[in-house]
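Trainee: Could we go through the salt bridges and a pocket of this model together?
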Amino acid sequence: MAETTTRRSGAAATTSSSATTTSSPITQIAQDHIFSILLLLPVDSIISFSMTCSRFRSLVLSESLWEAVCRRDWGPDAVDALKSSAEATNCRQQLSWMRLYKQVRQLESVSCHRLSDPDVGMVRPKARASHSLNFVSDCLVLFGGGCEGGRHIDDTWVAYIGNDFRRTLRWEKIASGTPTGRFGHTCVVVCNHLVLFGGINEDGVRHNDTWIGEVVLHRTPGFAVSWRLLELSSAPPPPRGAHAGCCIGDYSMLIHGGIGPSGHRLGDAWVLDLSENLRFGTWREVVTTNPSPPPRSGHTLTCIAGNRTVLFGGRGVSYDVLNDLWLFEFSGKCSKWVQIIYDLQTIPGGISLPRVGHSATLILGGRVLIYGGEDSERSRKDDFWVVDIGAITPVSPVMNIWKRLNVNGYKPESRSFHGACTDRSGRFLFVLGGMVDGVVWPAEPAGLRFDAELFLAELVILV
């Protein structure tokens with residue numbers, strides 16, 4: 001009798017275990033539903049999920065899942081641009097999204113390539129600094145800047161990039177005189193258009209006009225850039241130059257700080273709201289109750305996602321060069337600044353971080369790449385840093401958000417007040433011009449010169 005009971009109990013246990021294995025609710029979920037659930041999780045949790053059973057491991061190793069993860073974390077434009085680049089170079093078969101995600105996450109180096117050759121004899125933009133350089137409609141668009149003798153420049157140049165990022169570019173001079181010449185302006189990309197604001201001319205006059213630019217491809221003679229003044233329904237910000245600006249949201253631009261008409265540094269922030277057809281705009285000052293960045297010039301603003309931007313560095317009211325980092329969260333009802341406190345002593349080589357006249361661009365992987373600039377002694381930099389905003393925690397000071405990258409290949413000169421922008425993927429950074437160290441002539445006691453070089457800094461990943 002006891003033996004019979006034992007057999008029945010063992011059979012029941014076996015049946016129960018089998019039923020649990022085969023009828024667990026999660027194992028019955030369709031693959032596309034599991035993908036949808038996984039895409040709600042951070043990457044570390046996705047990897048942990050793969051360790052639960054062999055079926056889930058095979059799902060997590062799926063390339064379609066990792067392409068979806070890349071689209072989620074990097075944006076669809078970046079992924080589509082990477083696919084187009086891979087197709088153009090005939091390496092689509094080697095494109096592994098899981099491996100690519102891991103390499104971007106562990107980024108260690110950039111590789112530099114010179115894209116301008118002064119010995120070829122091609123027409124190219126003159127040496128300049130404090131200009132704007134943007135990537136729009138698969139083209140580089142260069143406008144304005146300052147040159148020798150404190151003179152402003154009023155020309156617009158275009159170079160078609162396409163998918164061949166490493167070739168020597170052919171520049172086309174489009175127009176001069178519109179907008180009027182200036183340097184220290186901002187120019188950002190909004191909905192595949194350029195939005196330009198402010199700047200300083202050679203007479204020291206500060207501007208507060210707003211322009212819309214659009215790249216147009218004609219069969220003959222080629223590219224054109226049309227500029228027009230934006231029609232405003234409100235008063236613009238006070239005139240300024242050497243301010244910072246970036247896009248924010250879908251149809252808005254944010255500016256901060258700069259140097260006003262009397263030469264004093266500003267600490268105000270303004271948002272330009274554009275109509276969907278980009279024909280009209282409304283300026284409004286951002287008013288916050290919490291602490292905000294102190295006045296400065298020569299700093300950077302970088303949009304990192306949707307309505308969030310990062311402000312870094314610049315020169316303060318006492319002419320001191322800054323290294324503070326701020327996060328701006330934009331909302332129609334309640335916008336706020338949050339200072340990111342980090343421990344400079346824990347950063348290898350961190351003493352070189354304070355800078356002005358640097359560039360800060362969003363790169364593949366959602367981090368900000370900071371290049372060049374100069375310190376309070378006007379010593380120019382040639383280093384590349386990434387700051388990982390995603391690693392910020394509520395604990396202060398935050399750790400492990402800064403990382404200095406190695407530089408391979410061509411060694412560009414140290415520079416400040418250059419122009420920089422990335423392609424749609426965020427993998428390729430284009431850098432043009434700026435102030436570099438020059439031979440000290442009697443008429444140049446500071447040993448500075450304006451530069452015309454264009455080079456490419458490519459994130460070292462194996463696609």
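Mentor: The discussion below covers salt bridges and then a pocket. This is a predicted model, in which local features need pLDDT of at least 70, side-chain atom pairs count only at pLDDT 80 or more, and totals for chains, interfaces and linings use all residues. Residues are numbered from 1 along each chain as its sequence is written, and side-chain values use heavy atoms, with hydrogens and water left out.

Trainee: How many salt bridges does the structure hold?
Mentor: The structure holds 26, a salt bridge being a side-chain nitrogen of Lys or Arg within 4 Å of a carboxyl oxygen of Asp or Glu.

Trainee: Which residue forms a salt bridge with Asp-375?
Mentor: Lys-381 does, with the closest N and O atoms 3.3 Å apart.

Trainee: Are Asp-375 and Lys-381 buried or exposed?
Mentor: Both are buried (under 20% relative accessible area; exposed is over 50%, partly exposed in between, with a 1.4 Å probe and protein chains only).

Trainee: And what about Asp-273 and Arg-284?
Mentor: Their side chains meet in a salt bridge at 2.6 Å, N to O. Asp-273 lies in strand S15 and Arg-284 in strand S16, eleven residues apart (strands are DSSP runs of E, at least two residues, numbered from the N terminus). Asp-273 is partly exposed at 23% relative accessibility, and Arg-284 is partly exposed at 31%.

Trainee: Which residues are linked in a network of salt bridges?
Mentor: Arg-114, Glu-413, Arg-415, Arg-449, Asp-451 and Glu-453 are.

Trainee: Changing topic, how is the lining of the second largest pocket divided?
Mentor: Its residues comprise ten nonpolar (Ala, Val, Leu, Ile, Met, Phe, Trp, Tyr, Cys and Pro), seven charged (Asp, Glu, Lys and Arg) and three polar (the others, Gly among them). A pocket is an open set of points on a 1 Å grid over the protein atoms alone, where a 1.4 Å probe fits, with protein on both sides within 12 Å along at least five of seven lines; lining residues have an atom within 4 Å of a point.

Definitions and conventions: Helices (H or I, at least four residues) and strands (E, at least two) are DSSP runs, numbered from the N terminus.
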